[in-house]
Amino acid sequence: MLRIWKWYQSCLSLHPVKTQIISSGFLWGIGDVAAQYITHSTAKKRLQYHKDDDNEFKVNWKRVAVTSMFGFGFVGPVGHFWYEELDKFIKMRLLLRPKSARFVAAKVAMDGLIFGPFDLFVFFTYMGFSAGKSTAQVKEDVKRDFLPALILEGGVWPIVQVANFRYVPVRYQLLYVNIFCLLDSAFLSWIEQQKDAPWKQRFTSFTSMKEGGGQGRL
């Protein structure tokens with residue numbers, strides 16, 4: 001493990017962007033495999049398959065490749081520059097002392113309000129078009145998946161990022177985020193694979209009620 005860590009440090013020093021791109025794609029691919037397994041296991045328990053049934057878990061490698069490309073093409077490069085520039089902006093523009101409570105709070109707020117929603121929107125849009133869906137279908141998928149994911153992630157990522165921005169040196173903050181992205185990619189892939197699950201409809205019905213109420217007041 002020590003050798004792997006030293007090798008990673010060396011790669012990060014020499015090729016920071018390339019290292020983040022490769023590690024992001026790799027971790028998002030692993031996350032999708034985990035999501036597929038969780039979805040399969042959940043369906044297996046719900047439908048109560050028998051041992052004789054053809055219910056052996058098989059990895060959908062095409063989907064793994066598609067999800068990995070999201071890590072390679074978006075999370076790696078965009079995430080790298082986002083965290084670098086976010087740190088510079090808060091130090092130089094907002095003039096907040098690094099590691100202070102206000103500094104950490106500002107970074108967590110900006111990350112949650114700007115990058116978080118943008119990341120979710122790009123992910124669900126990309127996964128929809130990658131599956132060959134039409135623009136109208138992708139819009140429906142985003143409406144179905146975006147809000148549940150945003151609400152559920154909103155309860156976890158701020159805590160993760162508080163620890164990141166407070167205790168992890170800037171140089172390794174991207175590595176820290178990538179490790180948690182392994183879990184995040186599994187979660188987002190699982191959300192996307194749930195399709196029209198009943199628990200999602202609670203969120204969409206709530207927003208529909210709000211829209212209906214707003215229209216009634218016009």
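Q: Which hand does the crossing of H4 and H6 have?
A: The crossing of H4 and H6 is right-handed. Please note that this is a predicted model.

Q: At what angle do H4 and H6 pack?
A: Helix H4 and helix H6, the latter spanning residues 157-167, pack at an angle of about 135°, and their axes are 9 Å apart. H4 and H6 are therefore oblique to each other.

Q: Which residues in H4 and H6 meet?
A: From H4 come Val104, Lys107, Val108 and Asp111. They meet Pro158, Gln161, Val162, Phe165 and Arg166 in H6. By class, the residues of this contact divide into five nonpolar, one polar and three charged.

Q: Let us step back. How many helices and strands does the protein have?
A: The secondary structure comes to eight helices and zero strands. Along the sequence the pattern reads α-α-α-α-α-α-α-α.

Q: And what share of the residues is buried?
A: Buried residues make up 41% of the 218 residues in the protein.

Q: What about contacts between residues that are at least 24 apart?
A: Taking the contacts between residues at least 6 apart in sequence, 75% join residues at least 24 apart.

Q: Back to H4, then. How do H3 and H4 cross?
A: Helix H3 covers residues 61-92 and helix H4 covers residues 101-130; their axes come within 11 Å and cross at roughly 155°. That makes H3 roughly antiparallel to H4. The crossing of H3 and H4 is right-handed. The contact of H3 with H4 has 21 nonpolar, three polar and six charged residues.

Q: Is Leu95 buried or exposed?
A: Leu95 is exposed, as its relative accessible area is 67%.

Q: What is the phi of Lys99?
A: Lys99 is not a glycine, yet its phi is positive, at about 75°. Lys99 also lies in the loop between H3 and H4. With 30% relative accessibility, Lys99 counts as partly exposed.

Q: Now for H5. How does H4 pack with H5?
A: H4 and helix H5, which spans residues 135-154, pack at an angle of about 145°, with axes 9 Å apart. H4 passes H5 in a right-handed crossing.

Q: Which residues make that contact of H4 and H5?
A: On the H4 side the residues are Pro117, Leu120, Phe121, Phe124, Thr125, Gly128 and Phe129. On the H5 side they are Thr135, Val138, Val142, Asp145, Phe146, Ala149, Leu150 and Glu153. Sorted by class, the contact of H4 with H5 has 10 nonpolar, three polar and two charged residues.

Q: What does Phe121 contact, leaving aside its neighbours in sequence?
A: Beyond neighbours within four places in sequence, Phe121 is in contact with Val142 and Phe146. Phe121 has its place in helix H4 and counts as partly exposed, at 44% relative accessibility.

Q: Where does UniProt place the "transmembrane region" annotation?
A: The UniProt record, an unreviewed entry, gives that annotation for residues 64-83, 103-126 and 173-191. In the model, residues 64-83 are 100% helix and 0% strand, and the end C-alpha atoms are 26 Å apart. Residues 103-126 are likewise 100% helix and 0% strand, and there the end C-alpha atoms lie 33 Å apart.

Q: Where is Cys181 found?
A: Cys181 is found in helix H7, residues 170-193. Cys181 counts as buried, at 7% relative accessibility.

Q: Which residues does Cys181 touch?
A: Not counting residues up to four places away in sequence, Cys181 touches Trp28, Val75 and Trp157. Cys181 and Trp28 are 153 residues apart in sequence, while their C-alpha atoms are 7.0 Å apart in space.

Q: Lastly, is Ser23 buried or exposed?
A: Ser23 is buried, with a relative accessible area of 16%; a residue under 20% is classed as buried. Ser23 is found in helix H2, residues 16-47. Apart from neighbours within four places in sequence, Ser23 is in contact with Tyr8 and Asn178.

Key: Residues numbered from 1 in each chain as written. Predicted model: local features only at pLDDT ≥ 70, side-chain atom pairs only at ≥ 80, totals over all residues. Heavy atoms only, no water. Axes fitted to C-alpha atoms, helices over the stretch in contact; angles between N-to-C directions. Helix = DSSP H or I, 4+ residues; strand = E, 2+ residues; numbered from the N terminus. Parallel < 35°, antiparallel > 145°, perpendicular 65-115°, else oblique. Left-handed = near helix turned anticlockwise from the far one by under 90°. Nonpolar A, V, L, I, M, F, W, Y, C, P; charged D, E, K, R; others polar. UniProt positions renumbered as here; feature names shortened; annotations may be inferred. Contact = heavy atoms within 4.5 Å. Buried < 20%, exposed > 50% of the residue type's maximum accessible area, 1.4 Å probe, protein only.
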